[in-house]
Amino acid sequence: MTVPLLKIGAVLSTMAMVTNWMSQTLPSLVGLNGTAVSQAGTSESSTLFQSSNEGWQVYTSAQVPDSKCLCTAVIPVQGSCSRDLRSRQLQQLKEKQVQNISQSMVELDLRTYRDLQYVRNTESLMKGLDSKLKVATESQKNLNAKSFQELKEKMTELMPLIRVLDQYKADTRTIVQLKEEVRNLSGSLLQIQEEMGAYDYEELQQRVLVLEARLHACMQKLGCGKLTGVSNPITIRASGSRFGSWMTDTVAPSSDSRVWYMDGYYKGRRVLEYRTLNDFITGQNFVQHLLPHPWAGTGHVVFNGSLYYNKYQSNIVVKYHFRSRSVAVQRSLNAAGYNNTFPYSWGGFSDIDFMVDENGLWAVYTTNQNAGNIVVSRMDPITLEILRSWDTGYPKRSAGESFIICGTLYVTNSHLAGAKIYFAYYTNTSSYEYTDIPFHNQYSHISMLDYNPRERVLYTWNNGHQVIYNVTLFHVIKTSGEL
């Protein structure tokens with residue numbers, strides 16, 4: 001009897017140790033794995049990859065009942081790009097693998113919990129049996145047939161525990177299999193994510209090109225509109241004196257990003273040509289042009305490779321061709337004031353102001369015949385002949401600066417702080433109106449203000465700072481569909 005009793009005691013002691021380990025380890029193992037799989041399956045499919053019907057939508061030139069023309073691009077929320085094929089694969093993975101794993105984990109968790117409760121319920125029985133075995137081992141002489149029968153009966157009650165432990169062994173193998181399935185699933189998701197990411201980048205790049213082309217076409221169709229707002233100023237550089245001008249070519253192709261810089265408002269002849277805007281910002285990579293005649297004012301423009309400016313101490317307008325470094329043509333602007341006869345309110349020999357908009361080349365000036373009111377003239381850019389003129393009725397000396405957008409002259413009421421766009425003259429209808437468009441004059445002294453139709457921004461020289469403003473235009477189309 002001694003040897004069997006010792007073996008039974010060793011088995012029971014080992015069973016107790018196993019039971020204790022299982023009660024501490026298995027529930028946490030199952031719970032953590034079950035939660036991890038469930039969360040991974042849910043977050044990967046719902047956060048990284050949105051539904052397939054979410055995508056880019058572009059609306060261009062949409063005519064609505066009140067004749068407004070809309071140019072709108074709607075893009076998906078960041079991170080929600082999806083591909084139908086990859087989404088279906090992910091959906092299949094979720095349904096076939098993630099759900100199966102989740103169900104297996106749930107079943108395993110329930111069974112483990114149930115069996116663990118049984119083990120815990122037999123704990124007191126095991127302790128009682130262990131106590132009796134110790135007594136029997138220490139004093140086998142006191143062990144009689146009745147006591148042995150009691151031990152046998154209690155051992156019979158513990159026999160189902162063997163099947164429970166066998167099930168734990170099976171569950172351990174299941175856990176290993178599930179672990180491998182989770183590892184394989186994770187690898188599959190990562191591979192699809194990488195493939196999907198590369199596919200999305202190429203697709204997104206192509207969509208961006210298409211979108212840019214469509215928006216560019218929309219902007220070309222809606223080239224003209226009424227000014228409704230001016231952005232806050234964007235300072236590009238701080239350089240030069242208090243007065244000057246800077247500009248880019250108003251009709252050059254987009255690949256031509258040269259910047260021209262003319263410091264000062266009279267007697268100047270030195271024009272700096274920077275290769276790019278970045279070069280202008282850093283003050284590097286420029287060439288110098290020395291004009292044959294000095295300039296007056298700051299109302300110069302670069303139009304199709306040539307500089308248009310007012311010759312100092314005269315009403316002669318000059319077209320200087322940069323490539324040939326020569327004067328292409330010059331002509332007297334008859335009756336136009338010069339030498340501070342009819343400048344803007346800031347002075348600076350700003351009698352003649354060249355401008356370019358979507359319709360071509362303009363000159364803004366005034367004469368004695370129209371009592372100092374602003375005259376707007378369309379000019380032939382090749383011959384400098386006046387094609388047509390309009391008398392706006394607005395006194396030039398009361399204007400801070402002005403610019404033209406889509407044939408409409410916009411006038412600021414001051415060159416100092418507190419300025420706003422105060423007056424608009426429409427050449428297409430020969431009519432005017434007073435406006436109230438906010439205009440933030442950050443450095444409090446504007447001596448040059450010009451619109452660039454290619455970039456749709458305002459270029460400004462503001463107290464030794466080179467500044468740009470974005471503009472907001474309201475587009476209206478006729479019922480015929482023409483602007």
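Mentor: Start with K226 and E433, which form a salt bridge with the closest N and O atoms 3.2 Å apart. The term means a side-chain nitrogen of Lys or Arg within 4 Å of a carboxyl oxygen of Asp or Glu. K226 belongs to strand β3 (residues 226–230) and E433 to strand β20 (residues 431–438), so this pair links distant parts of the chain, 207 residues apart. Helices (H or I, at least four residues) and strands (E, at least two) are DSSP runs, numbered from the N terminus.

The model is predicted: local features need pLDDT of at least 70 and side-chain atom pairs count only at pLDDT 80 or more, while totals for chains, interfaces and linings use all residues. Residues are numbered from 1 along each chain as its sequence is written, and side-chain values use heavy atoms, with hydrogens and water left out.

The accessibility of the two partners comes next. K226 has a relative accessible area of 39% and is partly exposed; E433, at 26%, also counts as partly exposed. The classes are buried for under 20% relative accessible area, exposed for over 50%, and partly exposed in between (1.4 Å probe, protein chains only).

Side chains of opposite charge can pair when their charged atoms come close. A search of the whole structure finds 7 salt bridges. One of them joins D279 to R275, with 3.1 Å between the closest N and O atoms. In that pair D279 is buried at 5%, whereas R275 is exposed at 53%. R454 and E455 meet in another, at 3.0 Å from N to O; R454 is partly exposed at 24%, and E455 is partly exposed at 31%. D256, R258 and E273 are linked in a network of salt bridges.

A touch here is a contact, meaning heavy atoms within 4.5 Å. T250 lies in the loop between β5 (244–247) and β6 and is buried, with 8% relative accessibility.

Charges also meet rings. The charged end of K396 sits over the ring of Y344, 3.8 Å from its centre, and that of R378 sits over the ring of W362, 5.4 Å from its centre. The criterion is NZ of Lys or CZ of Arg within 6 Å of the ring centre and within 35 degrees of the ring normal.

Y344 and K396 meet again around S350. Leaving aside neighbours within four places in sequence, S350 is in contact with G297, N340, F342, P343, Y344 and K396. S350 lies in the loop between β12 and β13 and is buried at 3% relative accessibility. A polar atom of its side chain lies 2.9 Å from the backbone nitrogen of Y344 and one lies 2.6 Å from the backbone oxygen of G347. The C-alpha atoms of S350 and A296 are separated by 7.1 Å, although the residues are 54 apart along the chain.

The loop between β12 (326–332) and β13 (353–357) holds W346 as well, while Y265 lies in the loop between β6 (259–263) and β7 (270–274). Y265 and W346 form an edge-to-face aromatic pair, 6.4 Å centre to centre with 85° between the planes. Rings of Phe, Tyr and Trp (its six-membered ring) pair if their centres lie within 6.5 Å; planes under 30 degrees apart count as stacked, over 60 as edge-to-face and the rest as tilted. This pair ties together parts that are 81 residues apart in sequence. Y265 is partly exposed at 23%, and W346 is buried at 10%. The count by this rule comes to 26 aromatic pairs. W246, Y261, Y274, F280, F286, Y459 and W461 form one aromatic cluster.

For the chain as a whole, there are 6 helices and 23 strands. Of the contacts between residues at least 6 apart in sequence, 57% join residues at least 24 apart. Buried residues make up 42% of the 483 in the chain.

Key
A polar contact is a pair of N or O atoms within 3.5 Å; within protein, one must be able to donate a hydrogen and the other to accept it, and residues adjacent in sequence count only if both atoms are side-chain atoms.
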